[in-house]
Each structure stands twice: as structure tokens, then as C-alpha cells.
Amino acid sequence: FLAAHDPELKKYRESARIFGDDRFLIAILEFDTQVFTPEHLSLISRVSRSVALLPGAKRVSSLTEDPFYAGFGKSIGVVRLSDRLPKTQPEANSIRASALSDSLFAKNVVSQDGRSAAIVVRTWPHVRADQLDYLVRRFEKTVKLESRMPDTAVWFAGNHIQTVELHNATLNEMKRLLPVTVVVILLFLMFVLKSPSRATLLLFLIGLSQVWTFGFLGWIGKA
């Protein structure tokens with residue numbers, strides 16, 4: 001559905017290459033400078049906590065939510081950054097060294113160059129497809145609202161997000177092509193039947209049968 005050079009497709013493939021991909025909702029925050037500043041780490045923590053409150057979200061994995069071994073000042077131990085966010089740049093630099101040397105963090109929730117961070121939401125297995133569609137919309141809206149900083153770019157990945165985007169793109173293309181299709185069919189029927197009124201009536205009956213068929217399928221829950 002997307003051209004090979006489409007920038008959205010390139011972003012999706014790059015996110016899958018850096019962070020991996022499964023049936024998760026993934027938001028990638030890309031910064032002009034680096035992830036490891038007090039302001040950016042605070043932003044990641046705020047977004048992580050906001051998406052954790054979404055209906056259907058089971059667990060959130062991010063640089064600030066996953067525990068790891070790091071040092072603050074003269075103390076060293078296992079920490080969760082959301083509970084102890086750095087207030088100075090030297091503290092953030094210490095976290096950078098620890099996170100990028102940890103194989104559980106590098107290329108999973110933070111890129112190796114330290115410019116991008118992923119926020120991964122795992123959903124409960126009982127969440128239905130229609131609920132996941134709603135969750136995707138809420139997830140994207142929440143991340144965009146919380147991430148409004150001039151030096152921050154946001155993009156999304158995950159199998160379900162890709163499915164929803166392709167579905168929406170298909171519907172948009174159908175809306176554009178439907179009038180053209182109707183005109184082509186009408187001209188063809190007029191050419192075959194040699195009567196504009198008969199062609200119009202037949203086209204109306206064809207459309208009515210389609211509405212009836214899909215309406216009945218929707219009514220019985222098979223659409």
C-alpha cells in the first residue's frame with residue numbers, strides 16, 4: 001500500500017531495525033541532541049506514566065520505567081529513573097554511560113547513539129480488535145500531546161499500529177476511487193443497454209444489493 005520510498009515506511013522499518021517489533025504499541029521519541037538530559041528524561045517518564053493509564057495497557061517498558069544498574073553521585077545500585085530523575089547534566093551523563101553499556105537497554109529502549117528512545121506498551125491478551133483500534137488512537141494522541149517539545153520528533157511502530165494505518169489508508173483510497181468507479185460503471189452500462197434510464201436503474205439496484213449485503217453482515221456480526 002505504500003511506495004518503497006515513502007518516508008513513513010522508512011521510519012517504520014528503521015524503528016523495527018533499532019528496537020525490534022512484535023504485537024506491541026511502540027512510540028519512538030527522537031531528539032535533536034540526545035536522550036540523556038534532565039528535560040528529556042523527565043519527558044520520557046511523563047509519557048510512560050501517561051500511556052500506562054490507557055485502557056488495555058498491561059505493561060510499559062521504557063528507559064525510565066525499567067530498572068537498571070546505575071550510579072548517582074557516590075551511590076551505586078539498581079534504580080528506576082522515574083523514581084529518581086536526574087536534576088543535573090553530570091547525573092544524566094552518568095546514566096547515559098550505564099544505559100548504553102547495558103544490553104537490555106541499548107537497541108531495546110534506547111538507540112546506540114543515544115538520540116532516540118522507545119516507549120513500548122504491551123496490551124492484555126483479552127483486548128479485542130475493535131478495542132485495540134481505540135487503544136491505538138488514544139496511544140498516539142496521548143504521546144503527541146505529552147511530547148510537544150521543539151527538539152522532539154515522534155513516530156510510531158508495532159504490528160497493530162501498522163495494520164490500523166494500512167486500514168485507514170485503504171479506506172481513504174476507496175473514498176477517492178468510489179466516484180470514479182461509479183462513473184465508469186454507469187458509462188459501461190449505458191453503452192451496453194443503450195438507455196441512460198435503464199443503466200441508472202441497474203446501477204441503483206447494484207448499489208442497493210451491496211448496501212443490503214454488507215448491512216446484513218454487520219447486523220449478524222460478520223462484517
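**Reading a predicted fold**

Trainee: Why is Val154 called partly exposed?

Mentor: Val154 has a relative accessible area of 25%. Buried means under 20%, and exposed means over 50%. The value of 25% lies in between, so Val154 is partly exposed. Keep in mind that this is a predicted model.

Trainee: Where is Val154 found?

Mentor: In strand S6. Leaving aside residues up to four places away in sequence, Val154 touches Ile28, Leu29, Val143 and Ser147. Contact here means heavy atoms within 4.5 Å. Ala117 sits 37 residues from Val154 in sequence, and their C-alpha atoms are 10.0 Å apart.

Trainee: What is the order of the strands in the open sheet?

Mentor: S2-S5-S1-S6, with antiparallel pairing. That makes 4 strands.

Trainee: Why do strand S2 and strand S6 stand at the edges?

Mentor: Strand S2 (57-61) has a single partner strand, and so has strand S6 (152-157). One side of each is therefore left without a neighbour in the sheet. Neighbouring strands of this sheet are turned by 20 degrees against each other on average, direction ignored.

Trainee: Why do S2 and S5 count as a pair?

Mentor: Pairing needs at least two bridges. S2 and S5 have 4 bridges, so they meet the cut-off. Their sense is antiparallel. One of the links sets Ala57 against its bridge partner Thr123 in S5.

Trainee: How many bridges join S1 to S5?

Mentor: 6 bridges, again with the strands antiparallel. S1 (residues 25-31) also pairs with S6 over 6 bridges, in the antiparallel sense.

Trainee: Which residue of S5 is the bridge partner of Ala27?

Mentor: Ile119. In S6, the bridge partner of Ala27 is Phe156.

Trainee: What makes S5 largely enclosed by the rest of the structure?

Mentor: Count its buried residues: 7 of 8. Helix H2 (residues 38-51) lies across S1, S2, S5 (116-123) and S6. H2 runs at about 10 degrees to S5.

Trainee: Why is Phe204 called exposed?

Mentor: Its relative accessible area is 53%. The cut-off is over 50%, so Phe204 counts as exposed. Phe204 has its place in helix H6.

Trainee: What makes the nonpolar surface patch?

Mentor: Phe188, Phe191, Val192, Leu193, Leu201, Leu202, Phe204, Leu205, Ile206 and Leu208 make it, over about 970 Å². A patch residue needs over 30% relative accessible area. Phe204, at 53%, therefore passes that test.

Trainee: Which helix supplies the largest share of the nonpolar patch?

Mentor: H6, with 6 residues. Helix H5 (159-193) and helix H6 (196-219) each supply at least two.

Trainee: How many helices and strands has the protein chain?

Mentor: 6 helices and 6 strands. Along the sequence the pattern reads α-β-α-β-β-β-α-β-α-β-α-α.

Trainee: What share of the residues in the protein chain is buried?

Mentor: Of the 223 residues, 38% are buried. The chain exposes about 13800 Å², and carbon and sulfur atoms supply 61% of that. Take the contacts between residues at least 6 apart in sequence: 66% of them join residues at least 24 apart.

Key. Residues numbered from 1 in each chain as written. Predicted model: local features only at pLDDT ≥ 70, side-chain atom pairs only at ≥ 80, totals over all residues. Heavy atoms only, no water. Axes fitted to C-alpha atoms, helices over the stretch in contact; angles between N-to-C directions. Patch = residues over 30% accessible without salt bridge, like charges linked within 9 Å, V, L, I, M, F, W, Y side chains within 5 Å. Areas by Shrake-Rupley, 256 points an atom, 1.4 Å probe, with all protein chains shown as cover. Salt bridge = Lys/Arg side-chain N within 4 Å of Asp/Glu carboxyl O. Buried < 20%, exposed > 50% of the residue type's maximum accessible area, 1.4 Å probe, protein only.
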